[in-house]
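Thanks for coming. Please look at the model on the screen while I go through it.

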Amino acid sequence: MTIGIPRAFLYYRYHVLWETFFEELGIDYIVSPETNKDILKRGNAHAIDESCLSSKIYMGHVDYLIDKCDYIFIPRVASFGNAKEVVCSKFQAIYDVVNNTYREKDLKILYYSIDVHNKETELKAFLKMGKFLGKNKAQVLKAYYIAKQAEKTTRLLEINNQKLLLNNSNLKILIVSHPYNIYDKYVGEPIINTLKELDCTPILACIAPEKLAREKSKLISKTLPWTFNKELVGAIEIYKDNVDGIILVSSFPCGPDSLVNEMIIRKFKEKPIINLILDDQEGTAGMETRLESFVDIIKLRKESETYE
Ligand code: SF4
């Protein structure tokens, strides 16, 4: 049996957990390639027009995997625990969206469902999935705990590496973006590359201790409902004194990000901020020009501060 993992959405947050879990259970898997023109085209053809770019990309990766594996892995996540928090409804709906979109293809989907508000925890979800894969409870528990440890170790390493970057003398720009947008080679990585070409050090808000970030987000808003956005807002609080500017990156037309980014722009007045919206238009010239101007403004501002 081969599992196909779409390289999109929660893959960028959980790939170490998922891949280690499958490896420990001896289950073969493939991951769809980095997003490219063809994948985006497939996504546009299979997603409804109103979908955010990130959902279209997800559909493109699913479409790529059809006929290349036995099951496509599509987890469903609704809530992680805090009674007042949810995640964007796309993560809850994507399983049904894919199922409906490909209903004539009799698609086989492997999934787990996390909805802590309804007592569906991550552990329970993995136990159920492991049973479906034909493994016994002891095997699944062992694989899950090894995978959790691998996830924790990787996360700590990422956070520590980023801490080191905060000490260098370049301009440091905080990129506030969901990991599935900024790590995506086709739509997000050009931003990182352009900043590096401009001799800036990108600092990623999605690399921050999640629990601390959720706590810190309360300094900005106590009523934000979306867990992932709370973590990004809290990360701004964590990094803001060590960076020279902030770039908000979201995919068109993202409801949660448009509300949250507006709030960030109003509340964080002390640093220059720009808002970049990713869409499916080809070419990066417009984005590069905006980044160059932004970096110039930061440099001028720093120079005038030195002069004063
Ligand atoms: S948070 Fe925004 S970008 Fe992410 S899935 Fe939801 S609508 Fe799409």
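I will take the domains, then the ligand, then a sheet.

This is a predicted model, in which local features need pLDDT of at least 70 and side-chain atom pairs count only at pLDDT 80 or more, while totals for chains, interfaces and linings use all residues. Residues are numbered from 1 along each chain as its sequence is written, and side-chain values use heavy atoms, with hydrogens and water left out.

The protein is divided into domain 1 (2-150) and domain 2 (166-307), with bounds from an automatic or database domain assignment. Their C-alpha centres lie 27 Å apart. About 2100 Å² is buried between domain 1 and domain 2, counted as the accessible area (1.4 Å probe) that two parts lose on being put together, summed over both. Y12, R13 and L53 supply 27% of the area that domain 1 buries against domain 2, more than any other three residues. R13 also forms a salt bridge with E231, at 2.9 Å, N to O; the term means a side-chain nitrogen of Lys or Arg within 4 Å of a carboxyl oxygen of Asp or Glu.

Which residues surround the ligand? They are F9, C52, S54, C88, K90, H178, Y180, S251 and C254, each with a heavy atom within 4 Å of the ligand.

Four strands form an open, parallel sheet in the order 2-1-3-5, where strands are DSSP runs (E, at least two residues) numbered from the N terminus, and pairing takes at least two bridges found by DSSP. Strand 2 (28-31) and strand 5 (109-110) each have a single partner strand, so one side of each is left without a neighbour in the sheet.
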